[in-house]
Amino acid sequence: MFILKMAERMSDIAGVIAALLTIPLIASLVYEVFSRYVLGSPTYWVYEVSYMLMGSIFALAMGYALKIKQHVSVDLIYARLSARSKAVVDVIGYCAFGFAVWWMTIELFASVINAYQSGEVTGKSAWSPVVWPVYTTWFLGFFMLGVQVIAELIKATATLISGKAWEGNA
């Protein structure tokens, strides 16, 4: 139970951070439009800030979206299954999905280390910032998603064993 509470709390925090990152994203895009069309001087940095922030928002929100069941699903057949049958589908799905998520998390961690050690830059604009900070955020987002997948797998396993659908928060 403690593990589930911690996993879901981490997902909540990451979701709040993702939501807060929309503020600088909107501010930078508004500034770009103002600068380009009113001042006649487009920025050289907003493009990079916007894709880095948007990628970070998506990455950090993935675990929260899984927690609140907002990922894409096909409920045509699934909705008609019993709680135990749904749990079987969920356990199989979370095992397969979890494998992919944890593989991606490990690869992103390697990318963070490599980018930091090499001083890798984006090369997409005159600004060309280092990429390890955004890679770190993407790594953390996938890590949080992986932790939430484990939490969902625990819930599905509990449902499979008990035959009763998981109720409420952890």
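**View 1. The buried residues of helix α4.** Along α4, the residues Ala 87, Val 91, Tyr 94, Gly 98, Val 101, Thr 105, Leu 108, Val 112 and Ala 115 are buried in this predicted model. The partners against which the buried residues of α4 pack are α2 (46-67) and α5 (132-162).

**View 2. The span and the end of helix α4.** Helix α4 runs over residues 83-118, a stretch of 36 residues, and reaches 50 Å from its first C-alpha to its last, which is close to the 52 Å expected at 1.5 Å a residue. Just after α4 comes Gly 119, whose phi is positive, at about 70°.

**View 3. Thr 122 in the loop between α4 and α5.** Thr 122 belongs to the loop that lies between α4 and α5, and it counts as buried because its relative accessibility is 16%, below the cut-off of 20%. When its neighbours within four places in sequence are left aside, Thr 122 is in contact with Glu 48, Tyr 51, Met 52, Ser 128, Pro 129 and Val 131.

**View 4. The packing of α2 with α5.** The axes of α2 and α5 are 8 Å apart and the two helices pack at an angle of about 10°, which means that α2 is roughly parallel to α5. Among the residues that meet here are Met 52, Gly 55, Ala 59 and Leu 66 in α2, and Val 134, Trp 138, Phe 142 and Leu 145 in α5. The residues of this contact of α2 with α5 divide into eleven nonpolar, six polar and two charged.

How values were computed. Residues are numbered from 1 along each chain as its sequence is written. This is a predicted model: local features need pLDDT of at least 70, side-chain atom pairs count only at pLDDT 80 or more; totals for chains, interfaces and linings use all residues. Side-chain values use heavy atoms; hydrogens and water are left out. Helices (H or I, at least four residues) and strands (E, at least two) are DSSP runs, numbered from the N terminus. The expected span of a helix is 1.5 Å times one less than its number of residues. Buried means under 20% relative accessible area, exposed over 50%, partly exposed in between (1.4 Å probe, protein chains only). Contact means heavy atoms within 4.5 Å. Axes are lines fitted to C-alpha atoms, for helices over the stretch in contact, and angles run from 0 to 180 degrees between N-to-C directions. Angles under 35 degrees count as roughly parallel, over 145 as roughly antiparallel, 65 to 115 as roughly perpendicular and the rest as oblique. Ala, Val, Leu, Ile, Met, Phe, Trp, Tyr, Cys and Pro count as nonpolar, Asp, Glu, Lys and Arg as charged, and the others, Gly among them, as polar.
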